[in-house]
Structures are given as C-alpha cells and as structure tokens.
Amino acid sequence: MPAHPFFDPTEGTGAMNTHSPGSIYVARSLPAALDALNECGSAGAPFAGGTWIMRSPIRNEPHKHHYVAIGKIPELTAIRIDADVVEIGAAVTHAALASALADLPEFDVLATAAGCSANPAIRAMATIGGNLSTSAFAAADCVPALLCLDAEAEVSSRGDQERVGLERFLKIRPTLEPGRLLTRIILPRRDRKTAHARLPLRKSGDYPAAIVSLAVSFDAAARVRAARIAVGSVEPVARRWERLEAALVGRPLDPAQAAEVAAELADEFTGRDSVDMPAWYRVSVVPSLVRRAVVAALDA
Amino acid sequence: MVLSLTVNSDHLSPATNPITPLVVDVLREDFHLTGAKPVCREGFCGACMVLVDGVPILSCLMPAALAVDCEIRTVEGLAVDGTLTPIQAALEACDAVQCGMCFPGMVVTLTHLLTIKPGATRDDIRAALTGNICRCTGYERIVEAALLAVAVR
C-alpha cells in the first residue's frame, strides 16, 4: 500500500465500485507525485483531467487501483511564454491553453485545437498532458497540432528528466514505465502561419472523423519554405504527412492545388473503422480538410 | 481519509461510508441535492453540471476527492433567499423549462456565461451551450431567455 494519503472509496467496506477509481492521491508538488507514482508501480497511473479515465467503465476497461492526481501541482498547470519558446505544463487544461495562446497567431493551430475540441465543460477539465498520454485516443485534437509545431515532450521520473521529440514520445507512450510522467510540452517559436481543420459529424461534441493540422513558413517570394502537416483521427495514432509536406515546398501555397496533391497521396493512409464511421470515409475527407487548413492559414 | 466538501457555502461530509467517489453521486446520494442529474455519465450531456470554484464542471467525471478545498455550487444554491437569479427568472418568464432533465445544467452554464460575459451575444450563448443537451430540443426558448437576461441587466 502506498505511503501517501489516498482517498479510498471502498475503505472498510470490502466492496468494489467498478464505476470509480480505487483510490486517489492528490499530489501538491511534482516530487510528491513522482514519489507516489513510483511507489504505486504498475498498480497506479497519473490522473490529470480525468475525462478519459473516468469513462473507463464505458469502454469495459478496469480502473487502476491507485491514481495520482496532478491537476493541483503549480508547475504542471503553468504556461510560460518566452521570446523563443513556449512551455506548457502537462496539467494545463484545453480551455486555459486556448486562452493563453489566443494572441499568438503562430500558434493558431494549437489554440484552435484546444479551443474547439469536445465541449466547453470538457475543455475546462481535459489537459494537454492527458491528450498526449492517452494512447488509445485516436481523435485527440492537440496531438496533430503539436506535431506540426515540432513540439518536444519532457518526461520526468524520480531523479531523472529527459526531453524527447513528440513523434518519439508517441512511439514510447504505450510502454512508458510506471513512475514516469509527461511533465511539460516545449514549443519553439517561429515565424509561420498555422491552421487546424477538423470534421466532426456535428459542429461540436463529437470526435472528429479526421483532423489536419498545418504550419508553413514562406520565403521572400512568398513560396513555401517549410511545411509541417499532421493528420489525426484517421489512423490509430496521429502522424506527419511528409510526402505532402515535400510536395508543397518551393511553390506558392494554393488551397486547390494542395487539396489536389493531397487527394493523389491520400492512399498512404489506412483509415480506422469505428462504430460511428467506416475507415474509407475518414481517408476520403482528408483532402478537403487540407484545403480548409490552407485557406485558414492564408487568412491568418 | 475522511472527505469534507463545501457545497452551497455549507461544509458537508458524506453521511455514509464508503465515500461516494463522484461529485454527482455525493451531491445526490449523500447530500440529497438532486438538481445535478447523472444522465450520460460520460461528460456528453451536461445535465450533471455544477460550478466548482466558479467554473462549470461535469460532476459525473469528477472524483469527489478532487473537490476538497473547492467551493461547489449547485443549482439549488444559486437563488438567494428564494429570489431567482436573473437567468432563472428569464427562463421562467420565457416558459423555457420543459421536462427539466437538462435544466440544472443549462442554468449552471448560463449563470457562468453571464458572469464572465454580461453582454453575451446569441452566438456566445449557443457556443456556451454546446455541451448541454436538451432532450426536448427546446433550445430556441432557452437562447431567447438568455438574451432576455442579458437585455434586462
């Protein structure tokens, strides 16, 4: 049993409530959270906004026996905006992130991703760290947005801290050892235009069928110097679309032309089937989302 | 550990063991505040919404342990000495209440909106209500009532 003061809902009853976590420790500092996670080992997990974990019973997934709540740790709920970098604590909510980035046009892609996902109350609870750490959540809006911003992830454990590129983090997150915690997301600041396009079945509340996030910079002749395009929700894990990025470089950015190239290259995606829509549909809407993202970036 | 919560300015502890772990269940089963409704239990419908430190929160997704040291305000705690708040009065005046299932959540959301944005527009109101599902589909009267509440301020 961990040494930390966990709230245990079944204490003294012998009962198991399958709709609720076993116990929760509300950490007040990062070292305390890392200690608790380390003590819990594989029986424990971090608890940020909880909007995914609390719905585990609906997915027929058992809760962990122990959770370590990280939402009240000051350094994990802070956003630092410097001249050359933006650092986002893992427990920053979507609502707080959208608000903090509202006046920084280079981060339109992330402000839109954080500000339009799910519904307002979910955005007030769900965190950026939870969005990135939930391997099973294919439709996370912030993941493609951060991919196209060249984000890095800081992973901490008791006595250790390392920084990895986001693509690397997405690969290792399903097997991240107990006791290791995503603590910060680091974004380089650059002169670029960015946009986020998503297609939910209804205007809000639903998970998007597909997501396209875009970041482009231009040379003096208004040709694309560098492009970052990431696609989310189509496959189980969001990823960069490097062939499309390469195809856009060296020419003026044109919505119709970008969509045309996207349609030619879209067969590299293997869509995921789900109860709400078939795999082919997710892939088929991607070129249109590319066009919308380009239009939005040019208007930015 | 014993759980102690601040609800509608009262300091309360659940009357029974075990500690009911979700805020919505504590409110309803232990404190008999049945305004918040545990309908979808997945954060989709907004019927369970309460204010936690002034922010609308889905109480069906919040473990009670995380509400310790917070001020919880439910729909029962909005009116002062029986006097309806402006948004409650406007909803009544516009005859906007239908079955009542979604209404506590609607009132909580609109209370917060009119606090942070007293001059809210129709679009602001519609955007704020995107997480509140009305089974009776009576949205238009609800939006009209919110606009009335804005107008009479």
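Domain bounds here come from an automatic or database domain assignment, and the structure to which they are applied is a predicted model.

**Exercise 1.** Describe how the two domains of chain A are placed and which elements of domain 1 of chain A touch domain 2 of chain A.

*Solution.* Begin with the bounds: in chain A, the assignment gives residues 75-188 to domain 1 and residues 193-299 to domain 2. Next, take the separation, for which the C-alpha centres of domain 1 of chain A and domain 2 of chain A are 20 Å apart. Then turn to the contact itself, where 21 residues of domain 1 of chain A meet 23 residues of domain 2 of chain A. On the domain 1 side of chain A, at least two residues each come from α3 (108-116) and α6 (142-147), and α3(A) gives the most, with 5 residues. Finally, sorted by class, this side of domain 1 of chain A, which touches domain 2 of chain A, has 15 nonpolar, 2 polar and 4 charged residues.

**Exercise 2.** Work out how helix α2 of chain B is oriented towards helix α3 of chain B, and which residues make their contact.

*Solution.* Two packed helices are described by the angle between their axes and the distance between the axes. For α2 (residues 86-93) and α3 (residues 103-116) of chain B, the axes come within 9 Å and cross at roughly 125°. Because an angle between 115 and 145 degrees is neither roughly perpendicular nor roughly antiparallel, α2(B) is oblique to α3(B). The crossing in which α2(B) passes α3(B) is right-handed. To the contact, α2(B) brings B:Ile87, B:Gln88 and B:Leu91, while α3(B) brings B:Val107, B:Leu110, B:Thr111 and B:Leu114. Of the residues in this contact of α2(B) with α3(B), 5 are nonpolar, 2 are polar and none is charged.

Notes:
Residues are numbered from 1 along each chain as its sequence is written. Chains are lettered from A and ligands numbered from 1 in the order in which they are written. This is a predicted model: local features need pLDDT of at least 70, side-chain atom pairs count only at pLDDT 80 or more; totals for chains, interfaces and linings use all residues. Two residues are in contact if their C-beta atoms, placed from the backbone, lie within 7 Å. Helices (H or I, at least four residues) and strands (E, at least two) are DSSP runs, numbered from the N terminus. Ala, Val, Leu, Ile, Met, Phe, Trp, Tyr, Cys and Pro count as nonpolar, Asp, Glu, Lys and Arg as charged, and the others, Gly among them, as polar. Axes are lines fitted to C-alpha atoms, for helices over the stretch in contact, and angles run from 0 to 180 degrees between N-to-C directions. Angles under 35 degrees count as roughly parallel, over 145 as roughly antiparallel, 65 to 115 as roughly perpendicular and the rest as oblique. A crossing is left-handed if the near helix is turned anticlockwise from the far one by less than a right angle, and right-handed if clockwise.
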